[in-house]
Amino acid sequence: MKRHLKASAAAVSAAALVLTAALAGCGQDATASAGLGDCTTDPVGCNAGERIDGGEVTWAVDGSWVGWNTVKTSDNNAYVTQALVGMWPTAGQFGPDGKWVVNDGLFAADPEIVSENPVQVKYTLQDGANWGDGTDISIDDFIYHWYANSGDQDLCDGCTPASDSWGSQVESIEGSGDDVTITYKDSYHSAEWQYEEVLSAPAHVAEDADFDWEYDAAAMKDSQDYFSETVPTWTTGPYRITKAVAGDYVMYEPNPDWAGSAEVTLDKVTFRVMEGLDSIVTALRNGEIDGASPATVDVETITQLEGADDVSYAIAGGNGWEHIDLNVENEFLSDPVLRTAVLTAIDVENIIERTHAYVQSDIERKLNPLFRNDSEYFQDFLTVTGQGTGDIELSVGLLTDAGYEWDENTRLITPEGERVELDYRYTQSKESRVTTAELVQANLSGLGIKVNLVPIPDADLGTVLGEHDFDMVNFGWSQTPTFVNSVNQYWSSDSGSNFGRLDDEELDGMIDQVSGTLDFDEAAELANVAVKQVVADAYTLPLVDTPVAVMVSDRLVNVRDNWASQQRAGYNIAEWGVSE
Amino acid sequence: MVVFIIRRTLLMIPVLLGATLLSFILVDLSNDPVAEQVFQIQQSTGEAVPQSTVDAIESQLYYDRSLPERYWLWLTGIGETNGDIGLLQGEWGPSIEGTAVDIGYEISTRFWITLRLVLFATVASIGIAILSGVVSAVKQYSRVDYSLTFVGFLFLAMPSFWLGSLLKEAAVQANKGLGSTVLQTYGSGTTGFQGTGWEVFVDSLPYLVVPTLVLTLAGYAAISRYQRASMLEVMNSDYVRLARAKGVRNGTVMRRHALRTALIPVATFAPLSLAGAMGGAIVTERIFGWRGLGAYSYDAILHGDSFAVMAYLLISGIVVLIGVLISDLLYGVLDPRIRYE
C-alpha cells in the first residue's frame, strides 16, 4: 500500500489520481478499533475501565530531547513534555473536549482575577502541595519561574526562555500562606490569564545547589543550566522519577506525597524514546511497549495495527494543522484579487481525499485557522468566499474582472502584461505535502498559472520561512484551545512568524483588540473578526487538522489521546491502569 | 616499521586538517542552525521568539562571528570564547541542543555502542565471506558457485532498511511462535539496565541478534567476491600448479598454499571494512534504535547541529585513516614481498 502511495506521489498528477483513488477504500472506516472505538463520540470517557492494583506500563515517545528544563529554548520540545508528564507542575490541562481542568495536585481552586487594572490573579495552593522531597511549594517557586521566563537579562543574565510572553508581563509576585498573587504590567490584558503556566522548577533545589538566583542574575542563569542538566528527582505530580537518561527514557514510581485527588494504581511507568512509526508499531506488536501516541500516522501503520492482536488504536485530528500560505510581497501575489483567485482554484476536498483521508476516513476540511470545527467558537468564513473549492470558473471570473487575460497558450497574463509564474514550496519528506503540491500545481494550471514545485529539505524549513523564500508554501502549525498568542503570531504585521508578510493595518487593530480583553468568550468573538479579515485578505488556506494516532495494548484502561494537550495521551497519567 | 608508522601518522595531520576545513565550510554553508532553532521554538511554543533569545542563540553558537573565525575557534579555542570550543583545548564546540549536551561525551559514548554493533557483524560477515568465496572459487561455475553468487548479489542489492524491516517482522513472528519476546526489535539493551561490561553485553544479546544479521548479510557479499577472485587467481598461479605437480594432496595445497595467500586481500580489507562500518551503520542504527554514532550523526545533520556534525566527520575521518594505516601494515606482515623501511 505504501509502495502505491509513493508511486502516486512520484507520478504525474493524472496518474496519481487514478492510483490513489484505487487506494481510497483501503483506509476507509479505519479510524479506531476495539477499546478506543468510541473516542470520536466520547473523547473524554472512551477506553475507561476498572483498574487492578499494580502493573507496569511502557510508553513510547516518538522523539528525543536533550535537557530537562522545558523553560529553556534548547530543551523545550513536545517529547520531553510528554516524558515529564508524571512530575511536571502544570497549572492544568485542556481535556480532549477542549475544556480546562485545573491541576488539583497544585491548586485548591481555579485562579481568580482580583483586579483588572492592573491585572492581578490570585492562586490558591492545594493543602499539602509539595515538591516530593518534603518541601512545600511556596511563593519563591513562582518568583523563580517568573525570573526564568522573564527574558529580562537583569533577572536572568544570558537566559534563553522558549517564551517570554508571560514572564515579560509580570510586575510582581506576592503572597502569604497558600495564596499567591501575580500582578501584571499595565500592558497585560490576556484573556488566557487563567491558563498561564506559573511554576517550573523548585527554588529551594536551586538554593541547595548554591545558586543565589534571587539576587544574582548570572547565578539564576547557571541554575537554569543546572536544571537542564540534572535529572529531576523532585516532583509535583502523581509519579516521581527513579531513573532517567535524557533523550532515551524516564522511569517512574508512584509519588506517595502527591496532593492530587486521582488514585494512582500502577507500580511503574516507563517512557521510552522510540523513533520511527514502523519501529513503534513493530515493538507494540512484539510486546516491547504498551502504547504510543506518535505525531504522524500512515496507511501502512494502520494496516499493521488492523492485523495486530490485543491492540487498539484511534486516529483523529491532532494538535497540528496544515495550511498553504501566500507571500504577499511576491510581485504577482501582492494583488489580493490574484491571491483570492489562487486560493479559490485550489480544491481542498480533492487534496484531502487523496492524502489525509487514507489514514482518517472521517476527516473534515478545516474551515477556520484558529478554531477547530468542533470548537464552541468555530465560525466558517471560508465557504462563502469559495476559497478552497477548486472553482476555476469563479477564479477566472475574478481575474477577468480585474483585467487579467490569457495568451494563446492559455497562460495567465497580468494587466501589466506579465505571465504569472509561482514557486510552491513544501517539505519533501512528508508524502501528503508532496501530493498536495502536485494537486495544487494541477489546480493552478487550470487557471493558466505555471507553478514550479520547489521542495524544502526538512532541516531548511525554518530558514526558508524566515527568509520568506517562497511564493506559496505548505507547512504546519501546532494548536491548542488557546488562540490569543496565535492570532498575534500568525498575522500581526510585526510578528516574526508572519512568514508571508501580510501587512493589514485594519487586521492589526483587530488583533490588538483580541489581546486587550480579559474575557475569553469576548476574545474569541474578536479573534473570529480577525479571522474573517484574514480570509478577506486571501492570505492563508487551512487544509486539515493533521491526523495522528494513539495505539494501546488492550490491557490498558483510561488511556486515550488528547489533541488539546502537548502531553497527548499522558494528560491523565494518574488515571492510567491495567485491567488484568 | 616504526619510522613508517611515524611518517604515515604525521602525514595524516595535513590530510585531516584539509578534510576538516572542507567539511566545516560545507557544513556551515548547508544550514543555518540559528534560523532552524528559532523556527523549532516557534513551532513548539506557538509564539514568536523574543529577539533577546535569538541574539543569545547566535552568541552561544558563535554565529555572531565570521565563518573563518568560527573555524579557527573550533580548531584551536584561541580567542574570545565561552570556554566550550577548541579541539586543542579538548572542547568540541557547543551543541545546538543546548548546554545539557556535551558533544565530546556523546561521541565517546556512542562510539562504543556502534563498535559493539558493527564488530560482531564485521567479523561474521568476513567469516561468511571467506567461506563462501573459497567454496565458490573451488567449485567455480558449478551450481554451488552460481547459488552462492546469486545469494550474495541478492543481499548486496537489497536495501538495508528493507532487509532490516523484513528481519524485524521475522523476529516478531518468531517470538509469536515461541511464545516469548526473546528477540527484541528496538534499542541496544533493557531500558535502564546497569551492570558490568559483561552483564551489559549479555543483556544486549537479544537486541543484537537481528541488527547483526542485517549488517552481516548486507556486508558479506562484496568481500565474498573479493575472496572468490583472489582464490581463483592463486589457484591458477604457478606455485600452486607446481605443488600439485609434485603430488601434494589437494587439501594441503588449498589450505597451506592457496588459502593463505588468497586471504591477504581480505585480511587487509578487514580494517577498512570495520572503519567504514563505524561510520556507515546509520540506517541500521536508525531502524533498530541503537543510539550509536550513526544515529547521532543523523540527528545532528537533521537538526543542523554544525559542531556535532563536525565531530562525527572528524572521528569518522580518524577511524578511516587508522583503518588505512592498519591495512597497510597488515600487507607488510602477511605478504613477504613487502617490507617497510
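Predicted model: local features only at pLDDT ≥ 70, side-chain atom pairs only at ≥ 80, totals over all residues.
A residue is called buried when its relative accessible area is under 20%. Over all chains, the search finds 2 disulfides. When the bonded cysteines of chain A are numbered in sequence order, the pairing reads 1-2, 3-4.

Chain A also carries a domain annotation. An unreviewed UniProt entry assigns "domain: Solute-binding protein family" to residues 114–497 of this chain. In the model, that stretch is 27% helix and 22% strand, and its end C-alpha atoms lie 34 Å apart. Elsewhere in chain A, helix H16 (residues 520–537) holds A:Asn528. With a relative accessible area of 2%, A:Asn528 falls under the 20% limit and therefore counts as buried. Beyond its neighbours within four places in sequence, A:Asn528 is in contact with A:Asn368, A:Phe371, A:Tyr377, A:Gln379 and A:Phe381.

Charged pairs come next, with 25 salt bridges counted over all chains. On the chain A side, A:Asp309 sits in the loop between helix H8 (299–306) and strand S12 (311–326), while B:Lys176 belongs to helix H7 (residues 160–178) of chain B. A:Asp309 is exposed, because its relative accessibility of 52% is over the 50% limit, whereas B:Lys176, at 42%, is partly exposed.

Within chain A, A:Lys366 and A:Asp545 form a salt bridge whose closest N and O atoms are 2.8 Å apart. This pair links distant parts of the chain, 179 residues apart: A:Lys366 lies in the loop between helix H10 (348–353) and helix H11 (392–401), and A:Asp545 lies in strand S18 (residues 540–553). Both partners are buried. A network of salt bridges also links A:Lys72, A:Lys221 and A:Asp225. In chain B, the side chains of B:Glu69 and B:Arg65 meet in a salt bridge at 3.5 Å, N to O. B:Glu69 is partly exposed at 35% relative accessibility, but B:Arg65 is buried, with a relative accessible area of 18%.

Turning to chain B as a whole, the model shows 13 helices and 2 strands, and the C-alpha trace spans about 85 × 60 × 35 Å along its principal axes. Of the 341 residues in chain B, 48% are buried. Among contacts with a separation of 6 or more, 68% involve residues 24 or more positions apart. The chain exposes about 16,600 Å², of which carbon and sulfur atoms supply 67%.

An unreviewed UniProt entry places the feature "transmembrane region" at several stretches of chain B, including residues 9–27 and 205–223. Residues 9–27 are 100% helix, with end C-alpha atoms 26 Å apart; residues 205–223 are also 100% helix, with their end C-alpha atoms 26 Å apart. On the surface of chain B, B:Val2, B:Ile6, B:Leu10, B:Ile13 and B:Leu17 form a nonpolar patch with about 470 Å² of accessible area together. One member, B:Ile13, lies in helix H1 (residues 2–30). B:Ile13 has a relative accessible area of 47%, so this residue is partly exposed.

Notes
Residues numbered from 1 in each chain as written. Chains lettered and ligands numbered in written order. Heavy atoms only, no water. Patch = residues over 30% accessible without salt bridge, like charges linked within 9 Å, V, L, I, M, F, W, Y side chains within 5 Å. Areas by Shrake-Rupley, 256 points an atom, 1.4 Å probe, with all protein chains shown as cover. Salt bridge = Lys/Arg side-chain N within 4 Å of Asp/Glu carboxyl O. Helix = DSSP H or I, 4+ residues; strand = E, 2+ residues; numbered from the N terminus. Buried < 20%, exposed > 50% of the residue type's maximum accessible area, 1.4 Å probe, protein only. Disulfide = S-S within 2.5 Å. Contact = heavy atoms within 4.5 Å. UniProt positions renumbered as here; feature names shortened; annotations may be inferred.
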